[in-house]
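These are my notebook entries on a structure that I looked through one topic at a time. I set down what I looked up and what I found.

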Amino acid sequence: MGSKGADAQPTAADYDSLVRRLRDLEDKEALRALMIRGWRALDRKDWQTWIACWAEEAVLEFGPWEKTHGKEAVRAKVEEAESPYPSMQHHILNMHFDIEGNRATGIGYMWFVAVTAPGKASSPYSMGGPYDWEFRRGPNGWLLVRQRLGVWWTDGEDTLKTFE
């Protein structure tokens with residue numbers, strides 16, 4: 001632990017440092033699990049599990065849409081947009097989190113793929129871009145407070161036109 005040699009006993013400072021580093025790793029894993037649980041729920045259209053990942057004061061900022069405030073408004077907007085797709089895959093890539101007490105920020109990349117018509121899985125619509133998140137820790141763990149999502153690219157045709 002310390003740099004005093006192999007036989008030196010760990011100090012209180014060594015233990016404090018270890019506890020801080022372990023807490024940071026646990027928090028980062030909890031945030032990663034929150035995001036994966038929520039976005040897998042989107043693929044299943046399990047709106048209840050997905051919205052449970054959000055705080056009441058939620059804010060969603062998504063490229064083509066106006067800013068959406070409030071947990072239920074966020075749920076309604078996303079459910080309306082994504083319900084028509086026969087199937088979807090939400091990929092969250094390159095996640096990174098910074099923890100500061102009971103607040104955290106995060107970044108990642110989105111790769112979204114949706115089937116736009118039943119039986120036409122070979123021509124999906126996809127898009128990608130950066131995520132920017134803010135979180136807070138509550139009595140039951142971490143919740144998403146704000147999500148900003150930009151669209152850097154698209155591929156295929158969004159025949160349902162829900163992301164315009």
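Entry 1: the salt-bridge network. I looked up which residues are joined by salt bridges and found Glu61, Asp132, Glu134, Arg146 and Arg148 linked in a network. I count a salt bridge when a side-chain nitrogen of Lys or Arg lies within 4 Å of a carboxyl oxygen of Asp or Glu. The structure holds twelve salt bridges.

I note here what I am working with. This is a predicted model, in which local features need pLDDT of at least 70 and side-chain atom pairs count only at pLDDT 80 or more, while totals for chains, interfaces and linings use all residues. Residues are numbered from 1 along each chain as its sequence is written, and side-chain values use heavy atoms, with hydrogens and water left out.

I then took the pairs of Arg148 in turn. Arg148 and Glu61 meet through their side chains in a salt bridge of 3.6 Å, N to O. Arg148 lies in strand 6 and Glu61 in strand 1 (residues 54-62), so this pair ties together parts that are 87 residues apart in sequence. Helices (H or I, at least four residues) and strands (E, at least two) are DSSP runs, numbered from the N terminus.

Glu134 also forms a salt bridge with Arg148, and their closest N and O atoms are 3.0 Å apart. This pair links distant parts of the chain, with Glu134 in strand 5 (residues 125-138) and Arg148 in strand 6, 14 residues apart.

Are these two residues buried, exposed or partly exposed? Arg148 counts as partly exposed because its relative accessibility is 27%, and Glu134 counts as partly exposed at 28%. Buried means under 20% relative accessible area, exposed means over 50%, and partly exposed lies in between (1.4 Å probe, protein chains only).

Entry 2: Arg146. I found Arg146 in strand 6 (residues 141-149). Its side chain makes a polar contact of 2.4 Å with the side chain of Glu61. A polar contact is a pair of N or O atoms within 3.5 Å; within protein, one must be able to donate a hydrogen and the other to accept it, and residues adjacent in sequence count only if both atoms are side-chain atoms. Leaving out residues up to four places away in sequence, Arg146 touches Val59, Glu61, Lys67, Asp132, Trp133 and Glu134. Contact means heavy atoms within 4.5 Å.

Entry 3: strands 3 and 4. I looked up how strand 3 (residues 87-100) and strand 4 (residues 103-115) are arranged, and they pair in the antiparallel sense over twelve bridges. Two strands pair if DSSP finds at least two bridges between them. Which residue of strand 4 is the bridge partner of His90? The partner is Phe112. The hairpin of these strands has two residues between them, and Gly101 there takes a positive phi near 65 degrees.

Entry 4: Most residues other than glycine have a negative phi. Asn94 is found in strand 3 and is exposed, with a relative accessible area of 59%. Lys45, also not a glycine, has a positive phi of about 60 degrees. Lys45 lies in the loop between helix 1 and helix 2 (47-51) and is partly exposed at 26%.

Entry 5: helix 1. Asp27 is in helix 1 and is buried, with a relative accessible area of 8%. Beyond four places in sequence, Asp27 touches Ile99, Arg137 and Trp142. Arg32 is in helix 1 as well, and is partly exposed at 27%. With the same exclusion of residues up to four places away, Arg32 touches Met95 and Phe97. Arg32 and Ala8 are 24 residues apart in sequence, and their C-alpha atoms are 36 Å apart.

Entry 6: a nonpolar patch. Leu93, Tyr109, Trp111, Trp152 and Trp153 make a nonpolar surface patch of about 550 Å². Patches are made of residues with over 30% relative accessible area and no salt bridge, where like charges are joined within 9 Å and nonpolar side chains (Val, Leu, Ile, Met, Phe, Trp, Tyr) within 5 Å. Accessible areas come from the Shrake-Rupley method with a 1.4 Å probe, and for residues only the protein chains shown count as cover. Tyr109 is found in strand 4 and counts as partly exposed at 36% relative accessibility.
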